[in-house]
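Subject: Structure handover and notes

Hello,

Here is the structure you asked for. My notes on it follow below.

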Amino acid sequence: MAEMGSKGVTAGKIASNVQKKLTRAQEKVLQKLGKADETKDEQFEQCVQNFNKQLNEGTRLQKDLRTYLASVKAMHEASRKLNECLQEVYEPDWPGRDEANKIAENNDLLWMDYHQKLVDQALLTMDTYLGQFPDIKSRIAKRGRKLVDYDSARHHYESLQVAKKKDEVKIAKAEEELIKAQKVFEEMNVDLQEELPSLWNSRVGFYVNTFQSIAGLEENFHKEMSKLNQNLHDVLVSLEKQHGSNTFMVKAQPSDNAPAKGNKSPSPPPDSSPAATPEIRVNHDPEPASAATPGAALPKSPSQNSLPAVVVETFSAAVNGTVEGGNGTVHLDLPPGFMFKVQAQHDYTATDTDELQLKAGDVVLVIPFQNPEDQDEGWLMGVKESDWNQHKDLEKCRGVFPENFTERVL
């Protein structure tokens, strides 16, 4: 027989395989029509049902475990960014800065260690557990094909025996094929009859070990994380105690005419002398202003006595949302949710309908996004002060704008 292809597949082999498939198809049709009996093994069928159930459960567990790991990774990233923010706002001269930075480093290492241990002790074990299913599934399917071959050979042998005109040569050959088919089927059947119950029973120990590992790792992680959080809490309490009664420096914003360097960092005033950078000292725990004292925007501390009244009134408006004068209190007319004011340092041309068109010098009243998830990094929501004063309509006037084109003024 001529060989077909580089793997030595012969034409005879191909023809034999085609004939087997045809014979099996005919046998299954006869069985479904009730014209041929089918060998049944209810115990084995129960084992197959258990196998399929176990495979489905394991596949779902693997999927959910991967989702859990992805969530751990996302939480790690969020925690890292939060700590980076703390490091940025923690000024160099504040006590505990080095300790806070070290805590942030240990926090990052703890997240990485937790994720890696989950991979090693849970996910890889899960992958190994599921790795045995494809081979067994293939063998179950092959056993089913061999069972059909056995039934077909049995029916062929039986039909020759009951034929009116018996052909002993054909009967002998059919008997030989029957014995061969029966042997192949029984060998596969015996192996699976032993393996399937054993695999089914192994699920209990596997689930116990997997969830014990996850629970133990999570418990240790939270214990260590709790220690780090307590350490950070102590550092911040110490900072509060040392600075709680101190006077903080609040530097006035540069004038509108001061040039800007870069997108977000304002340039210092041209004159670096103390007179060019006035300072407002605000007592950490001021006494409440008397309602009977007209024109008193803030209680006067020693450092405020030397400031012009307009500076004190302006700062009072930022704190209280009001400006007090000789004619009584005037409430600022601001949009709902107003947070702070910014002033455009550069022109900005809107590229979409939901963006604000800005000219250098425009004042924008910043408000929160209706849905915080809609806020992109580096963008703010607001309404130009001129538009708000004219229309008082947020739906019509509000829009987003790039933060680095503006500078906070209040």
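Two strands are taken to pair if DSSP finds at least two bridges between them. Helices (H or I, at least four residues) and strands (E, at least two) are DSSP runs, numbered from the N terminus. The model is predicted: local features need pLDDT of at least 70, side-chain atom pairs count only at pLDDT 80 or more, and totals for chains, interfaces and linings use all residues. Residues are numbered from 1 along each chain as its sequence is written, and side-chain values use heavy atoms, with hydrogens and water left out.

Strands

By the pairing rule, strand S7 (residues 340-344) is joined to strand S11 (residues 406-408) by three bridges, and the two run antiparallel. Ala344 has Thr406 as its bridge partner in S11. S7 also pairs with strand S8 (residues 363-367), again in the antiparallel sense, over four bridges. In that pairing Val342 stands opposite Val364 of S8. S8 in turn pairs with strand S9 (residues 379-384) over four bridges, in the antiparallel sense, and there Val364 stands opposite Lys384.

For burial I use relative accessible area: buried means under 20%, exposed over 50%, and partly exposed in between (1.4 Å probe, protein chains only). Five of the five residues of S7 are buried, so this strand is largely enclosed by the rest of the structure. Both of its faces are covered, with Phe340, Val342 and Ala344 buried on one side and Lys341 and Gln343 buried on the other. S8 is mostly covered, with four of its five residues buried.

Salt bridges

A salt bridge here is a side-chain nitrogen of Lys or Arg within 4 Å of a carboxyl oxygen of Asp or Glu. The structure holds 17 of these salt bridges.

Which residue forms a salt bridge with Lys341? The partner is Glu385, with the closest N and O atoms 2.8 Å apart. Lys341 lies in strand S7 and Glu385 in helix H7 (residues 385-391), so the pair ties together parts that are 44 residues apart in sequence. Lys341 is buried at a relative accessible area of 18%, while Glu385 counts as partly exposed at 22%.

A second pair sits within one helix. Glu219 forms a salt bridge with Lys223, the closest N and O atoms being 3.7 Å apart. The two are four residues apart in helix H5, which means about one helical turn separates them. Glu219 is partly exposed at 45% relative accessibility, and Lys223 is partly exposed at 47%.

Arg398 forms a salt bridge with Glu395, with 2.8 Å between the closest N and O atoms. Glu395 is exposed, at a relative accessible area of 60%. Elsewhere, a network of salt bridges links Glu77, Arg80 and Glu84.

Helix H5 spans residues 168-243, and Glu194 lies in it. Glu194 is exposed, with a relative accessible area of 57%. Together with Glu186, Glu187 and Asp191, Glu194 forms a negative surface patch. Patches are made of residues with over 30% relative accessible area and no salt bridge; like charges are joined within 9 Å, and nonpolar side chains (Val, Leu, Ile, Met, Phe, Trp, Tyr) within 5 Å. Lys and Arg count as positive and Asp and Glu as negative, while His and the chain ends are not counted. The place of a charge is taken as NZ of Lys, CZ of Arg, CG of Asp or CD of Glu. Accessible areas come from the Shrake-Rupley method with a 1.4 Å probe, and for residues only the protein chains shown count as cover.

Gln242 is also placed in helix H5, and at 43% relative accessibility Gln242 is partly exposed. The C-alpha atoms of Gln242 and Pro95 are separated by 8.2 Å, although these residues are 147 apart along the chain.

A backbone angle to check

Where is Lys392 found? Lys392 is in the loop between H7 and helix H8 (394-397). Its phi is near 55 degrees, a positive value in a residue other than glycine. Lys392 is partly exposed, with a relative accessible area of 37%.

Regards
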